[in-house]
Amino acid sequence: MMMDYVWLIPLFPLVGFLINGFCGQRLPKTIVGIIGSGVIGLSFLVTVKIFLEFLSLPAGTKAVEKVVFTWITSGTFQAQAAFLIDPLSLVMLGVVTGVSFLIHIYSVGYMHDEPGFYRYFSYLNLFVFAMLLLVSANNFLLMFVGWEGVGLCSYLLIGFWYEKKSASDAAKKAFVVNRIGDFGFLLGIFLIFWTFGTVNLREVFALAAKYPVGSGVITAITLLLFVGAIGKSAQIPLYTWLPDAMEGPTPVSALIHAATMVTAGVYMVARCSALYSLAPLSLTVVAAVGALTAIFAATIGMCQFDIKRVLAYSTVSQLGYMFLACGVGAYISGIFHLMTHAFFKALLFLGSGSVIHGLHGEQDMRKMGHLKKYMPITYWTFLLATLAIAGIFPFAGFFSKDEILFHSLVDGKFIYWLIATTAAFITAFYMFRAVFMTFLGESRVDPQVHPHESPPVMTVPLMILAVLSVVGGLVGFPIIEGAHVFREFLSPAITPVAHAGGHQAVSFEVFMMIFSMAVAAIGIYTAYKFYILKPDLPTAIANRFPVIYDYIYNKYFVDELYDATIVEPIKAGSDFLWHGVDDKVVDGAVNGSAGVITWLSAHLRKLETGFVQNYALAILVGVVLITGYLIGR
Amino acid sequence: MQLPILSIVIFFPLVGIVLLLFLDRKNHKVLKGVTLGLGLLEFLFSLPLWFRFNSQTPAMQFVERYAWFPSYGISYYVGVDGFSLLLIMLTTFLTPICVLATWEDIQHRVKEFMICLLALMSGMLGVFVALDLFLFYVFWEVMLIPMYLLIGVWGNPARRIYAAIKFFLFTMFGSLLMLVAILVLYFHYGKTTGTYTFDLLMMYGVAIPFHMQFWMFLAFGLAFAIKVPMFPFHTWLPDAHTEAPTVGSVILAAVLLKMGTYGFLRFNMPLFPQAAWHFVPLFSILALIGIVYGALVSMMQKDLKRLIAFSSVSHLGFVMLGLFTFTMPGVQGGIIQMINHGLSTGALFLIVGMIYERRHTRMIADFGGLSTPMPIFAAIFMVVSLSSIGLPGLNGFVGEFLILLGTFRTNVVYATVAATGVIFAACYMLWMFQRVMFGEVTNEKNRNLKDLSWREIAIFAPLLLFIVWIGVYPNTFLNKTKATTENFLAMMDKAKASQTAVSQGFKGEAR
C-alpha cells in the first residue's frame, strides 16, 4: 500500500530543497526548474494514490496513522514524527500539492530572468515540505514544526529580494508577528499536554469528549490555539504583516499568502473541531474575529491601487469568512471555502503576476487599463476567478461563500450574516474595480511599456486553475440530498457543535442564494458604474469625504498605531535597560565597589611610606594617646 | 587492565603542552598543525566515553580513584554520568574546531596561545569529571588562569586588561565564598559522621540542617551564578566576550558558562536539596529576568559580540529556569539547552570572528548587504541564527520546548513570561541579521569580501551537523541523560517530602 509510504509526500519536496539548495547554483535553470516542480508533482501523485486507497478502505475507517520515528521523549512526554491520514488531511494534502505544483510550473516562467532562481526554488520546496508536515502531522508538536517552518519560508521568500529594504523589513515583520501567534500556540500545546498527557491529535480529541461543554480548560486551550491561528491567518489584530508580505515575488503571494500557508489557521481550527465544539466562548471569539476581519479588510481593499495589495486585503477578508464559518460550527463550509479560495485566489494572484510580468514590473492599477487587448488569456482567466470570488453562480466561490452566509444566519447570529453579506457586496465591488481598472476602460499604460501576454508555461497553469475555479464548487452542490460530496467525505473528520441549527426549508435556502447573488450583482454594477460609465466618480466621492477616504486609504493607520504604542516603547524601554540599568546601576555597582577599594587602598598606601622615622613617629603618637587615655580614665 | 580513559582525556592536553614546548616558536604553521592534531586525537580519545557509556544506570561510570592526601580525605576521584557526559563531549568536540579557528586570527605568541588553549581544555574537563570537592576546586581555579591570559594577552588591545581583570575578580569573588562553604561542609560532614572526606558522592547523603543549607547554597550558588551568568551578576560577560579573541569567546560561551549551570546540578541541588526547593522562586525569577532583560538589551546593541553576549544571558536564563523546575522535561531540556547554546552561540562567535578578520570591525552599522558577496556565509549564518532563535527542526527548539513544557507544569506565569523570550529572540536575531546581511552593500569595503574558505566551511560543518541532529533526533542525546535525571529527581522529591515534614514540624512548634 502506498499509504505506508505517506512520508514520501513531504520527503520529495525536502529532497528538492536539498538538491537545489546545495547544488542549484551550478545547475542550469532548466534542471533546477524541473527538479523543483518535479518533486511537487511526485508528491501530488502519491497523494492521489493514497486518496484512492483511502476511498477503498472498509467503511468505518476514519483515519490511519503512520509512525516514522519517535522524535522527542522526556519523562512522560512523547512526540512522534508521524502522519495522520484522514479526509481532512487528504483534502489539505491534495490542495497543497496540486496548487503548489501549478505555481511551481508558473514560477519557472515568472522567475526566469532571476539570478537567484535556484534559491527561489529551494525555498519554495522547503515551504511545501513544511506545509505538508503541518497538514498531515498526527500530533500538535509536529504540526507546530510545520507551522513555524512555513513561517520561516514565508520570511525567506518575502525577503527574497533582500537588497530591497522594504522587502527585508516586510520579511522580518511577518516572522515576528507570526511568532507572537506561535507564542499562543505553544502555550496551548503545553496546556494540552498537561491536561491530557499526550499531544497526539486523535488521543486528545478522544479524551476531550469526556469534558463538558463550556469546560474552562478546553476554552483556554482553544483560545490559545486561536492566537496562533490569528497570527498565521492574518486576522485582526495580527493581520498587518500580510499586506506587507506582497514584497515577495508574486507566485509566492499566490502560494503562501493566499492558497496555502495563511489558511493553516483555518485548518487548525477545523482540525480541532472536537475541542472547539466544546467551547462556545471560543467559537464566539472565532466567529466575531472572522466577521470583523472580513468586513474591515474588505473596506481597505476598496481604496488600494496596488493590484497585489487589493488581493492581499481580499485574502485577509476571505480568511475572515472561513473563520466565521468555523465559529458558527460550519467547519466543513470553512474548509470548503478554503479549497475554492485556494483555486480562485491563486489564480487571481498568478493573473496579477502575469499582468506585472507583461508590464515589466508595474503594479499600480492607475497605470494599467485596457490590457484585455494585449493579454486575452490572462484577462479571461482573471475574470473567471473574479466571478468566483464575487460569488456568482455556478462558479466555485458561489457555493462555498453562500454556504457560509447561510450558516452564519442559521447557526450564528443575524449580525454575522449582515456583516458577511455587506462584505460580500464590497468584495464584488473591489474585485470588479480591479478587473475594470486593469483590463478594461481606457489604457493608462506608460507609452514606453509594451504590454505582452505571458508565455504558455505561465498561462497553462492559469487555465487549469480557471477550470478549477469554475467547477471546483460542484463537489459541494447544495439542496439535492447526497450531492454535497465534499461534506459527506469530510464529516468523519469533524466533530460538530452539539446543538447545530435544525434543517431549513429548501425554499429558504434557494431564497438566500438568490439574495446573495443579487448583492454580488449590485456590487459588480456599482463597480461598473464607477470605473467604466463614470470614471470621475470615485475621485469626486473621495474629494467629498476626504477624512474618511484618507482614513481608509491609509489602512486606518493601524501600522502607525502599533509602531507608536508597541514597537517604539519597547525600543525605548530596552535602550533604557541597557544604558540606564545595565551600564549605570548594575555595572555601576561593580565598578563603584572596585572604585571604593581603589580609593581606600590609595589612601591606606600612604601610611606605608617606608621611612623608619615615620613609623617611629606613629608609634610615639600611639603610645602618647594610649597612655593619655589610660591616665585620663 | 581497564584503560584509565578519563584520565587520558583530562591529561592528554597537558602532554600535548610538553610536546609543544619542543617546537620552534617561529613556525606558526607547525605549531597550529600539531595542536590541531592533538585536538583531533583528544576528541578521538573521548569517543569511547560516548560509545561505552551505559545510559541505563545513573551510577558514575569510568570511575577512577586514587588517594591523594589521605590524611585529609582528599583523593583523585573522577567519573562520568548523564549530567557530565554531554558537556565533556562538547568540550573535546570543540577543541579541534577552536584550533582551526585560530589559523588566521592568532598571529603573535602562537606557541603560548596554544599552550593556554590546551591547559584550558584540561582544566575544563577536570571540572566536569571531578567527584572530589577539593579536586574540583583545584580544576575550577586552574582553568581560570589560561582564560584570563587568553583575554588579557590576545584580546582587543583597547580594553582587554579591564575585561580580563573584571572576569578574574568576578570569578574569584564567587570562588572564595564557595571555598569557605566547601570547608564548612567538610567539617560538618566530619563532625556528623566521624569521617573527614571531600568525597562528593558520600556527602550527597548527609543530612544538613536547613539553616546551614541555606547559607551554603547561597555561597556555592553565587560562585555558579556568576559563571552562568545570572542577572545581576552578568556584566563581566559582555566585556569579556567583546575583548576576548574569537576562540576565547567561543570557549567562554560554549563551555565556561556551562560550568555554572553544571555546578548547580552537580553541587548545589544534590548537596543542599531543601535549600534548593526553598530558592526555586528566587532563582526562577532571576532566570526570567535574565531571559527577558538579556533579550531586550541584546536588541539594542550596536556591537555584534555584545549582542551575542546578551543573548547568552537570555539563553542561559532558559537553562536555569529549566533546572529549577525539577521536572523531567525541564531538567533534560536544560541539559540539552546547555549543549545547544554551546553549539549555536559558539558558531555565532565564530561567524563574527570571520567577518572581523575580513573587516576589522564588529559594529553592525559597518556592515549591510553581505549576502551578495558572501552567499555561503549567509546561508550558514542564517541556519545558526535560526538555531539560536529556536526554530523547530533545529537544536534550539528542543531545549526551549522541553524547558518551557516543564516550567508550564510548575508555574504557568513563569512559562508565559519565559515564552515571550522566544518572541524577543526572533526580534534581536533577525534585526541583526537584516542589518548585517540584507540590503544593498553601502560600504565599499564590503563589496568584494571573500566568501568562506574551505577551512572555514570545515569549521562549521560539524557544528551544523549537530545543530540539525539534535533538532531532528534529540533522543540520541536525551537518552544519555535520562537515567541520571530520573535518579536526581527522585532524590530531589525525597528531599522535598522531608522538607515539608520539617516545616510542618516548625509550624507545630511555633504554635
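1. Let's start where the two chains meet: between chain A and chain B there is one salt bridge, a term that here stands for a side-chain nitrogen of Lys or Arg within 4 Å of a carboxyl oxygen of Asp or Glu. The partners are B:Lys166 and A:Asp587, whose side chains come to 2.8 Å, N to O.

2. A word on the ground rules. This is a predicted model, in which local features need pLDDT of at least 70 and side-chain atom pairs count only at pLDDT 80 or more, while totals for chains, interfaces and linings use all residues. Residues are numbered from 1 along each chain as its sequence is written, chains are lettered from A and ligands numbered from 1 in the order in which they are written, and side-chain values use heavy atoms, with hydrogens and water left out.

3. How many residues does each chain bring to the contact? Chain A gives 45 residues and chain B gives 58 residues, with contact taken as heavy atoms within 4.5 Å. The area buried between chain A and chain B is about 4,700 Å², and carbon and sulfur atoms give 72% of that. Buried area is the accessible area (1.4 Å probe) that two parts lose on being put together, summed over both. In chain A, the residues that lose the most area to chain B are A:Arg179, A:Trp194 and A:Trp578, together 15% of what that side buries.

4. There are also 21 residue pairs in polar contact between chain A and chain B, both residues being at pLDDT 80 or more. A polar contact is a pair of N or O atoms within 3.5 Å; within protein, one must be able to donate a hydrogen and the other to accept it, and residues adjacent in sequence count only if both atoms are side-chain atoms. On the side of chain A that touches chain B, the elements that give two or more residues are strand E1 (64-74), helix H5 (140-158), helix H6 (165-196) and helix H24 (558-605). Helices (H or I, at least four residues) and strands (E, at least two) are DSSP runs, numbered from the N terminus. H6(A) gives the most, with 16 residues. By type, this side divides into 28 nonpolar, seven polar and ten charged residues.

5. Over all chains, the count comes to 25 salt bridges. One of them joins B:Glu456 and B:Arg358, with the closest N and O atoms 2.8 Å apart. That pair links distant parts of the chain, B:Glu456 in helix H19 (residues 454-472) and B:Arg358 in helix H15 of chain B, 98 residues apart. B:Glu456 counts as buried because its relative accessibility is 3%.

6. Compare that with B:Glu444 and B:Arg447, a salt bridge at 3.0 Å between the closest N and O atoms. Here B:Glu444 is exposed, with a relative accessible area of 52%, and B:Arg447 counts as partly exposed at 40%. Elsewhere, salt bridges that share partners join A:Asp587, B:Arg159, B:Lys166, B:Asp239, B:Glu243 and B:Arg306 into one network.

7. Why is helix H10 (residues 236-243) of chain B described as largely enclosed by the rest of the structure? Eight of its eight residues are buried. Among them are B:Asp239 and B:Glu243, which also belong to the salt-bridge network. In the loop between helix H9 (210-227) and H10 of chain B sits B:Pro232, and the peptide bond from B:Phe231 to B:Pro232 is cis, with omega near 0 degrees.

8. In chain A, helix H8 (residues 216-232) has 17 residues and should span 24 Å at 1.5 Å a residue, which agrees with the 25 Å between its end C-alpha atoms; the expected span is 1.5 Å times one less than the number of residues. Its buried residues include A:Leu225 and A:Phe226. H8(A) is followed by A:Ala234, whose phi is positive, near 50 degrees. The loop between H8 and helix H9 (241-244) of chain A holds A:Pro237, and the peptide bond from A:Ile236 to A:Pro237 is cis, with omega near 5 degrees.

9. Finally, have a look at A:His360, which has a positive phi of about 55 degrees although it is not a glycine. A:His360 lies in the loop between helix H15 (331-358) and helix H16 (376-390) of chain A, and at 57% relative accessibility it counts as exposed. In chain B, B:His360 has a positive phi of about 55 degrees too, and B:His360 counts as exposed at 59% relative accessibility.

Methods
Buried means under 20% relative accessible area, exposed over 50%, partly exposed in between (1.4 Å probe, protein chains only). Ala, Val, Leu, Ile, Met, Phe, Trp, Tyr, Cys and Pro count as nonpolar, Asp, Glu, Lys and Arg as charged, and the others, Gly among them, as polar.
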